[in-house]
Amino acid sequence: MKFVWRKGFIRLILVAGISWMLLILLVLLFHVWSCRAPSSFFSAICNKEGKVFVTLDGMGLVPKEHRCPIPVAKSPEEVVIPKGQTPDEVLENLTYITEAEYVNSGSKLVPLFGGNQSWSQREESFKLKPNMKVHCGFLQNGGADMDPVDVKYVQKCKFVVASGIFDGYDVPHQPANISQRSKELFCFLMVVDEVSLDFIQTNVTVREDHDGGKWVGFWRLILLKNAPYDEPRRNGKVPKIITHRLFPQAHYSIWIDGKMELVVDPLLVLERYLWRGKHTFAIAQHKHSRSIYEEADANKRRKRYARPLIDLHMKVYYSEGMQPWSWTKSTISDVPEGAVIIREHTALTNLFSCLWFNEVNLFTPRDQLSFGYVVYRLKGAFKFFMFPNCEYNSLFVLHPHTREHSSKVEWVKSLSELKGKGKSLKESRGGFGLWTPYPVDLNSVVLPPVTRTSKAG
C-alpha cells in the first residue's frame, strides 16, 4: 500500500511539473502572438523592450517581420513640440579640439580632419566630467569645407533632415507624405562631395536660387569641398555621425542614408522616437546581428573592409573588455542599423556622437562595429532608444545604388598584402589605430567564437 502511494505521488508531481511547464510555454507563446496581433488591445500588452521578449528573440522564437506598422501620432498638426531642450545632468559643457594636426606622407605633411588621437587621449575621452574637450573632426585645414552661402543657410536650421551622397553612388530621392507644417519647420539637407555634385547635375534637374544655393526638389545640396579622407565610405561618416558639428544650430536631426526615400513625416518621427518616451537618441536594432563580433564576421564575409583589419579592430575591443552581446546586458543589442539616426542635440548626445566618430576615424569605417563599444565605455550613462527593425523598414523606401561600391582594400585577406607594393592600399588620413602600436600584444588575443544567425549577416 505504501509503495502504491509513493508511486501515485511521484506521478502527481510529474503531471504537475509538466502542466506547469506547458502553462509557461503557453504564456510565452501568447506574449509573442500579442506582439504581432492586429488588435490594439492585445498589441498593447506586448513589451518589445522587456527581458522576456528580448530573451525569446535571442533564442530565435520570435518570427522576424520585415515591415510593421509604426505607432505614430494621428497628424503632424497635433504634435506638441517640447519647449526648451533636455537638460544634461552629467555633462555641462562640451568643447572641441580644433588645432591642426598633421601626418607625414612621403616628403610632405598632410593635415588631418579627425586628428591622430593617442591611446591615452582616447582613454581620457571616455571619462565623463562636467567639462570636456574632445576630438570631433573639423581640425584646421583638415578639409570638409562648406561654401559660405551654405554656411549662412544652415544657421537658420533648428530642425534638420540630413542625408549624404559621396562618390556619385546615388541621386537624391524626394521625401513623401511631408506635411505643410514640416515643410516650414525642417531643413532638408543633402551633403555631397564634388564628384557627387557633378553626377547629380548630369542626371537630375538642379535649380539655383537667388542666393546661389542649389536644390533638388526638397533637398538643399550642401557641398563639402576638400574630402577629408581617401575612402568615400569614411567621408560619408562626417555628416552621418557628427551632424551636430556640420549643422551646429540644429536642435534636432534625423539622418537617413542617401539611398533612402523617407515616407513618414519627420515631425511624426520625432514624436514617436524621441518625445513620447523622453529619449534624446534613437536608432534601430540590426535585423540580424546583436554582437559586434557576429557583425564583424558578416562584414568580412561580405567584403566590407580588409578582413585582417576588421579582426585587428575587434581584438582591440575584446582586449578592452567588450563582451559578445547576451540577454544579461542592459541593451537589447550592441549592433544598430545605422542608416537612420534620430537625435536631440544635447551635450551628452553630441559627446556620444564625437566618441563614436573618433572610433570610426581611428579604426575601420564600419560604424556598426563601434556603436556598442562606445555605449559600453560610457558605463550606462548614455541612454538611447533602440527600436524594432521592422519599424525601421517602414520609415523609408530603399532604392538601389547607381553602382556598387568597391575599393581594393575590401578584398585584402592578409596583412602581408598591405606591405611592399600593397602599402598604397592603406588609407593616408584615417584608420591610424590599425597601424599604431597598441599597449597590449594583440597577437595573443583570441576573438570569441561566432554563431552565424543568417546568410546575410
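Reader: Are α12 and α13 roughly parallel or roughly antiparallel to each other?
Author: Angles under 35 degrees count as roughly parallel and those over 145 as roughly antiparallel. Helix α12 (residues 292-301) and helix α13 (residues 307-319) pack at about 170°, taken between N-to-C directions on a scale from 0 to 180 degrees. Therefore α12 and α13 are roughly antiparallel.

Reader: From what number are residues counted along each chain?
Author: This is a predicted model, where local features need pLDDT of at least 70, side-chain atom pairs count only at pLDDT 80 or more, and totals for chains, interfaces and linings use all residues. Side-chain values use heavy atoms, leaving out hydrogens and water, and numbering follows each chain's written sequence, starting from 1.

Reader: How many residues in the contact of α12 with α13 are nonpolar?
Author: Contact means heavy atoms within 4.5 Å. On the α12 side you'll find Ile292, Tyr293, Ala296, Asn299 and Lys300, which meet α13 residues including Arg307, Ile310 and Met314. One residue of this contact is polar, three are charged and the nonpolar ones number seven.

Reader: Where on α7 do the buried residues lie?
Author: In helix α7 (residues 194-203), Ser196, Leu197 and Ile200 are buried (under 20% relative accessible area, 1.4 Å probe). Their cover includes β6 (159-165) and β10 (219-225). Seen down the α7 axis, the buried residues fall within an arc of 100°, so they line one face of the helix.

Reader: Over which residues is the pLDDT below 50?
Author: pLDDT is the predictor's confidence in each residue, from 0 to 100. The protein chain averages 89, and 88% of the residues score at least 70. One stretch, with six contacts beyond near neighbours in sequence, falls below 50: residues 37-44.

Terms used. Buried < 20%, exposed > 50% of the residue type's maximum accessible area, 1.4 Å probe, protein only. Helix = DSSP H or I, 4+ residues; strand = E, 2+ residues; numbered from the N terminus. Arc of directions from axis to C-beta. Parallel < 35°, antiparallel > 145°, perpendicular 65-115°, else oblique. Nonpolar A, V, L, I, M, F, W, Y, C, P; charged D, E, K, R; others polar.
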